[in-house]
Amino acid sequence: MQTAAAALTALVAVAHLGFLILEMFLWRTPRGRAVFGTTPEFAAESAPLAANQGLYNGFLAAGLVWSLVAADPTGPQARIFFLCCVIVAGLYGAATVSRRILLVQALPAAAALALSLAA
């Protein structure tokens, strides 16, 4: 169970690293615009906001990675904290932006949290 929790947590961290890349570096590109369904004009105007959001996603990824390598009791406690942060962000995003965020962000984090708590 511990291995599955760590693997799912790592997957959530990788996803947030991907969000960082999309929002900070690919936001204005055709690929970034396709992922988020934006126009070139909107992407240009909102790029600073997207980069800021990407930075926050990077912090979540860093915290999740830290939780995987830190020793007890810090690692498991950090994992619970950062997974809860991801879940809250996913719920807020699903309520305000797109329900798809619930599936892409909140659900994997909730599964990792459940496995972490059960381990």
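This is a predicted model: local features need pLDDT of at least 70, side-chain atom pairs count only at pLDDT 80 or more; totals for chains, interfaces and linings use all residues.
Colleague: Why is Ser116 called buried?

Modeller: Buried means under 20% relative accessible area, exposed means over 50%, and partly exposed lies in between, with a 1.4 Å probe and protein chains only. Ser116 has 14% relative accessibility and therefore counts as buried. Ser116 is found in helix α5, where a helix is a DSSP run of H or I with at least four residues, a strand is a run of E with at least two, and numbering starts from the N terminus.

Colleague: What does Ser116 touch, not counting residues up to four places away in sequence?

Modeller: Ser116 touches Ala5, Thr9, Arg79 and Leu83, contact being heavy atoms within 4.5 Å.

Colleague: Why is Gln2 described as partly exposed?

Modeller: The relative accessible area of Gln2 is 45%, so Gln2 is partly exposed. Gln2 lies in helix α1, and, with residues up to four places away in sequence not counted, Gln2 touches Arg79 and Ala119. The C-alpha atoms of Gln2 and Ala119 are separated by 5.2 Å, although these residues are 117 apart along the chain.

Colleague: What makes a set of residues the largest nonpolar core here, and which of them have the most contacts inside it?

Modeller: A nonpolar core is a set of buried Ala, Val, Leu, Ile, Met, Phe, Trp, Tyr and Cys residues joined through side-chain atoms within 4.5 Å. The largest such core has 13 residues, and those with the most contacts inside it are Val12, Leu64, Phe82, Leu83, Val86 and Ala109. Two or more residues of this core come from each of α1, α3, α4 and α5, and α4 provides the largest share, five residues. Leaving aside neighbours within four places in sequence, Val12 is in contact with Leu64, Leu83, Val86, Pro108 and Ala109.

Colleague: How do you know that there is a pocket, and what is the volume of the largest one?

Modeller: On a 1 Å grid over the protein atoms alone, a pocket is an open set of points with protein on both sides within 12 Å along at least five of seven lines, whereas a cavity is a set of points where a 1.4 Å probe fits but cannot get out; lining residues have an atom within 4 Å of a point. The largest pocket has a volume of about 860 Å³, and, of the 28 residues that line it, the closest to its centre are Glu23, Phe36, Gln53, Ile101 and Gln105. The volume is the space filled by probe spheres set on the points, which are joined across faces, edges and corners. α3 gives the most to this lining, with 10 residues.

Colleague: What makes you say that α3 bends, and where?

Modeller: The bend at a residue is the angle between axes fitted to the seven residues ending there and the seven starting there. For α3 this angle is about 60° at Ser46, and a proline, Pro48, follows within four residues. What covers the buried residues of α3 includes α1, α2 and α4.

Colleague: Which peptide bond is cis?

Modeller: A cis peptide bond joins Asp72 and Pro73, with omega about 0°, and Pro73 lies in the loop between α3 and α4.

Notes: Residues are numbered from 1 along each chain as its sequence is written. Side-chain values use heavy atoms; hydrogens and water are left out.
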